[in-house]
Amino acid sequence: MHAQQSGILTPPPSPKPQMNGPTIYGVHPGHPLLYRIPASGDRPMTFSAKGLPAGLMLDPATGILRGVLARPGKYDITLQARNALGTAKRRFRIVAGDKIALTPPMGWSTWYMVHLDITDAMVRQQANAMISSGLVNYGYSFIDIDDGWNIKPSSSDPMIGGAPRDVEGNLRSNLNFPDMEALADYVHGQGLKIGIYISPGPLTCGGFEGSYRHEAQDASLFAKWGYDLLKYDLCSYRKMMKNPNDVEELKPPYQLMGSELAKQNRDFVYNLCEYGNGDVWKWGRDVGGNFWRTTGDVGYLDTPQSTLWKNVAAFGFGQAGIEKWAGPGGWNDPDNLLIGQIKWGGRLMPTPLTHNEQYTYMTLWSLMDAPLVFGGDMTQLDPFTLSLLTNSEVIDVNQDALGKQAAPVSKHGTLEVWSKPMEDGSIAVGLFNRGDRASEVTALWSDLGIRGKRTVRDLWRQEDVGKFDHEFHATVGPHGAEMFLFEKHPHQW
Ligand code: GLA
């Protein structure tokens with residue numbers, strides 16, 4: 001088997017239409033649905049859908065699906081994309097029910113790109129770039145505003161200081177965000193979704209106004225403005241706790257905001273951020289969470305660059321053992337993807353990770369059903385970063401409708417094999433080398449719990465490798481990963 005090469009492995013996208021992204025999507029009945037069909041291939045492209053239920057409308061030019069499903073149910077439709085070179089189809093199931101985030105959310109966040117220095121103009125630029133870079137054609141859809149959009153009461157900077165709430169107690173955005181509702185409308189106009197951020201304590205981590213004692217009011221304001229996701233970050237609330245690891249103290253603030261969000265007339269993806277305290281994966285779902293950070297910050301502000309790989313490896317491989325708590329509607333989140341151009345030492349810099357390390361990052365996060373939230377600048381995507389983020393077969397593993405998080409099946413020193421069962425009966429397999437020298441990594445059928453010949457497909461290179469029995473091995477570069485699909489044995493059909 002080939003050694004991991006540095007550089008681009010993902011084949012260039014075909015000019016023909018290809019449907020990407022999830023095959024299943026959840027929405028609450030009666031709440032607005034917004035979904036931009038991800039499809040790659042040359043433009044212009046015309047979209048259509050067979051079996052679209054009453055209440056939904058599709059814009060044929062953009063592939064943006066909008067509307068409201070009045071009644072609960074499973075709606076099976078066929079999405080179609082056509083351009084001058086051909087037609088692609090995909091079965092797509094919309095489930096109007098009590099669950100959303102049926103597959104891990106995919107998007108982008110302001111945090112690692114600019115930290116607190118965020119503006120309305122920048123968010124709009126990034127939304128535009130999600131479209132123009134083509135990321136949207138692979139399923140990326142959330143534009144998440146992190147800390148820094150509202151008032152910082154202690155600040156003397158007129159742009160961000162001032163009264164944190166108006167006379168009625170409503171949150172005020174700072175002068176870098178002149179109109180939160182218009183911003184949400186702008187993002188929705190592109191068929192994208194928009195996320196907002198606040199804390200259960202009096203202040204956010206950056207010292208901006210928090211939701212403490214205003215939870216109901218803030219939730220309804222976010223709904224009125226039209227936001228689609230809330231990241232609720234523990235921060236200053238921790239100072240009010242006796243023991244920051246105590247579940248009985250951690251649950252109530254998350255429960256409170258969760259129940260306020262559930263009262264709104266629109267869907268909120270609820271992102272719990274309390275750094276994994278009190279084994280949040282065990283109760284995140286009970287408080288209404290759709291994903292929960294299981295870790296601290298992978299690239300905390302002034303972390304030396306050299307520790308990023310250590311954190312990625314510690315956070316990623318450290319997810320072993322908590323897989324059983326993830327599934328449709330509730331996902332483990334080991335933090336964003338710090339690749340591409342990210343903020344370091346006060347300015348944008350290329351990620352300090354090697355190519356191999358970045359393959360490990362994407363391979364692990366995809367296998368683990370982690371939310372794929374890109375942390376870099378979408379207006380400055382180099383071809384390598386774009387190729388990492390837009391491998392449709394790798395994304396298919398992350399977005400698989402079964403929603404089973406991968407687990408390790410063998411570990412020999414620094415060499416690990418992880419596997420993830422897929423909806424169609426095949427198995428996605430990651431071969432990892434955490435060591436400093438290229439090594440052969442072997443996946444044994446006995447470890448994977450399978451028998452008989454399997455066709456093995458290399459997902460990064462998108463090519464079949466051959467048929468194998470009993471074992472499969474590949475040489476994996478230092479800190480690198482290889483990712484394969486062991487297709488379902490034909491006799492099992
Ligand atoms: C914490 C969170 C980060 C980010 C910052 C914002 O550190 O873990 O993800 O939201 O706060 O200040």
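The questions and answers below cover the pockets, salt bridges and domains of a predicted model.

Reader: What are the conventions on numbering, pLDDT and atoms?
Author: Residues are numbered from 1 along each chain as its sequence is written, and side-chain values use heavy atoms, with hydrogens and water left out. As the model is predicted, local features need pLDDT of at least 70 and totals for chains, interfaces and linings use all residues, while side-chain atom pairs count only at pLDDT 80 or more.

Reader: What is the volume of the largest pocket?
Author: A pocket is an open set of points on a 1 Å grid over the protein atoms alone, where a 1.4 Å probe fits, with protein on both sides within 12 Å along at least five of seven lines. Points are joined across faces, edges and corners, and the volume is the space filled by probe spheres set on them. For the largest pocket this comes to about 790 Å³.

Reader: Which elements give two or more residues to the lining of the largest pocket?
Author: Lining residues have an atom within 4 Å of a point; here there are 27, with Thr23, Arg90, Asp400, Glu423 and Asp424 nearest the centre. Helices (H or I, at least four residues) and strands (E, at least two) are DSSP runs, numbered from the N terminus. The elements asked for are β8 (73–83), β9 (86–96) and α9 (392–398).

Reader: How do the residues of the lining of the largest pocket divide by nonpolar, polar and charged?
Author: Ala, Val, Leu, Ile, Met, Phe, Trp, Tyr, Cys and Pro count as nonpolar, Asp, Glu, Lys and Arg as charged, and the others, Gly among them, as polar. The lining divides into nine nonpolar, nine polar and nine charged.

Reader: Where does the second largest pocket lie?
Author: This pocket holds about 520 Å³, and Tyr25, Leu34, Ser141, Phe142 and Lys193 are nearest its centre among 31 lining residues. Domain bounds come from an automatic or database domain assignment. Both of the domains concerned give residues to the lining, so the pocket lies between domain 1 (23–96) and domain 2 (106–398).

Reader: Which element gives the largest share of the lining of the second largest pocket?
Author: β2 (24–27) and β3 (32–36) each supply at least two residues. The largest share, five residues, comes from β3.

Reader: How many residues apart in sequence are the parts that Asp117 and Lys343 tie together?
Author: A salt bridge is a side-chain nitrogen of Lys or Arg within 4 Å of a carboxyl oxygen of Asp or Glu, and Asp117 and Lys343 form one, with the closest N and O atoms 2.9 Å apart. Asp117 lies in the loop between α1 (111–114) and α2 (120–132) and Lys343 in strand β17 (residues 341–344), so the separation is 226 residues.

Reader: How many residues does the contact take from domain 2 and from domain 3?
Author: The assignment places domain 2 at 106–398 and domain 3 at 407–486, and their centres, taken over C-alpha atoms, are 31 Å apart. With contact meaning heavy atoms within 4.5 Å, domain 2 gives 25 residues and domain 3 gives 22 residues.
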